[in-house]
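Please keep the sequence and the structure side by side while reading.

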Amino acid sequence: MSENKVLSSVKDEELIKKRRDQMIKGALILFKEKGFHRTTTREIAKESGFSIGTLYEYIRTKEDVLYLVCDSIHGEVKKRLEAVVDLKQPSTENLCNVITSFFHLMDEMQEEILILYQEVKSLSKETRVYILQKEREMADMLEKAIITCLPHKLAKQDTALLANNILIQGHMWGFRRWMVQKEFTLEEYIERQLNFALRSMGIKS
């Protein structure tokens with residue numbers, strides 16, 4: 001499943017993208033404030049700047065909007081992570097830069113990450129599988145950075161686990177902020193998590 005498989009009665013691809021981008025921005029504002037279940041499609045239409053009738057020209061259900069929001073969040077994370085993953089000159093320093101950039105990105109997008117954790121269960125099985133596959137792609141990118149940048153080889157399972165640990169540590173800054181953000185500044189959190197990761201990889205920090 002992808003964005004173009006969300007049914008639309010409009011055939012103009014450019015207009016579909018424009019309206020759905022408006023819809024995603026409007027829905028994000030409301031989901032952050034009220035959550036998915038307490039938000040109505042009428043409210044999404046109003047926040048997006050068009051009528052409820054127009055909204056239903058571009059989607060069929062409220063779940064379609066949630067899917068588009070989740071897909072958009074993952075797309076933004078992937079785009080911005082790809083921008084900092086430079087594997088042409090692999091080094092431990094490059095790997096540290098990738099992990100640091102990922103944590104900064106998770107700080108900027110913590111509200112969006114919370115929406116993913118809280119609302120993905122509301123998607124149908126087919127759509128949820130697609131969104132979770134996007135999550136696996138994020139872990140794969142981190143895993144590739146570890147494999148490429150480390151001066152020594154790790155066991156495949158260890159590498160996969162380390163990549164997932166980094167992913168969850170980034171998410172944790174947002175979904176457990178009630179605790180960790182009282183104890184650490186973002187820079188302190190990054191420094192400690194980076195030290196833990198490097199030691200796990202067999203590198204002295």
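In this predicted model, Tyr67 is buried, since its relative accessible area is 0%. Tyr130 counts as buried as well, although its relative accessibility is 18%, a value that falls on the buried side because the cut-off is under 20%. Tyr67 and Tyr130 form a tilted aromatic pair, with 5.7 Å from centre to centre and 55 degrees between the planes. Because Tyr67 lies in helix H4 (residues 62-84) and Tyr130 in helix H7 (residues 125-149), the pair ties together parts that are 63 residues apart in sequence.

**Aromatic pairs and a charge over a ring**

- A search of the whole structure finds 7 aromatic pairs, and one of them joins Phe31 and Phe36 in an edge-to-face arrangement, at 5.6 Å centre to centre and with 80 degrees between the planes.
- That arrangement is classed as edge-to-face because the planes are over 60 degrees apart, whereas the 55 degrees between the planes of Tyr67 and Tyr130 go with a tilted pair.
- Phe31 and Phe36 are both buried, and the ring of Phe36 also has the charged end of Lys62 sitting over it, 4.5 Å from the ring centre.
- Elsewhere, Phe102, Phe103, Trp173, Phe184 and Tyr189 are linked into a cluster by ring pairs.

**Helix H4 and its packing against H5**

- H4 packs with helix H5 (residues 92-108) at an angle of about 150 degrees, the two axes being 9 Å apart, and the angle makes H4 roughly antiparallel to H5.
- The crossing in which H4 passes H5 is right-handed.
- On the H4 side the contact is made by Val77, Arg80, Leu81 and Val84, while H5 contributes Val98, Ser101, Phe102, Leu105, Met106 and Glu108; of these, Phe102 also belongs to the aromatic cluster that includes Trp173.
- When residues up to four places away in sequence are not counted, His74 touches Leu116, Ile131, Lys134, Glu135 and Met138.

**Helix H1 and its two partners**

- The axes of H1 and H2 come within 8 Å and cross at roughly 120 degrees, an angle that makes H1 oblique to H2.
- H1 passes H2 in a crossing that is right-handed.
- Gln22, Met23, Gly26, Ala27, Ile29, Leu30, Phe31 and Lys34 are the H1 residues that meet H2, where their counterparts are Glu43, Ile44, Glu47 and Ser48.
- Helix H1 (residues 13-34) also packs with helix H6 (residues 110-119), here at an angle of about 75 degrees and with the axes 10 Å apart, so that H1 is roughly perpendicular to H6.
- In this second packing, Leu28, Phe31 and Lys32 of H1 meet Glu111, Glu112 and Ile115 of H6; Phe31 is also listed among the H1 residues that meet H2, and its ring pairs with that of Phe36.

- Ala45 is found in helix H2 and is buried, with a relative accessible area of 1%.
- Leaving aside neighbours within four places in sequence, the residues in contact with Ala45 are Phe50, Ser51, Ile52 and Leu55.
- Ala45 and Arg60 are 15 residues apart in sequence, and their C-alpha atoms are 13 Å apart in space.
- Gly49 lies in the loop between helix H2 (41-48) and helix H3 (52-58), and Gly49 counts as exposed because its relative accessible area is 63%.

**The chain as a whole**

- The protein chain has 10 helices and 0 strands, which read along the sequence as α-α-α-α-α-α-α-α-α-α.
- Along its principal axes, the C-alpha trace spans about 60 × 35 × 25 Å.
- Of the 205 residues of the protein chain, 44% count as buried.
- Among contacts between residues at least 6 apart in sequence, 71% join residues at least 24 apart.

Definitions and conventions. Residues numbered from 1 in each chain as written. Predicted model: local features only at pLDDT ≥ 70, side-chain atom pairs only at ≥ 80, totals over all residues. Heavy atoms only, no water. Phe/Tyr/Trp six-rings, centres within 6.5 Å; stacked < 30°, edge-to-face > 60°. Buried < 20%, exposed > 50% of the residue type's maximum accessible area, 1.4 Å probe, protein only. Helix = DSSP H or I, 4+ residues; strand = E, 2+ residues; numbered from the N terminus. Lys NZ or Arg CZ within 6 Å of the ring centre and 35° of its normal. Axes fitted to C-alpha atoms, helices over the stretch in contact; angles between N-to-C directions. Parallel < 35°, antiparallel > 145°, perpendicular 65-115°, else oblique. Left-handed = near helix turned anticlockwise from the far one by under 90°. Contact = heavy atoms within 4.5 Å.
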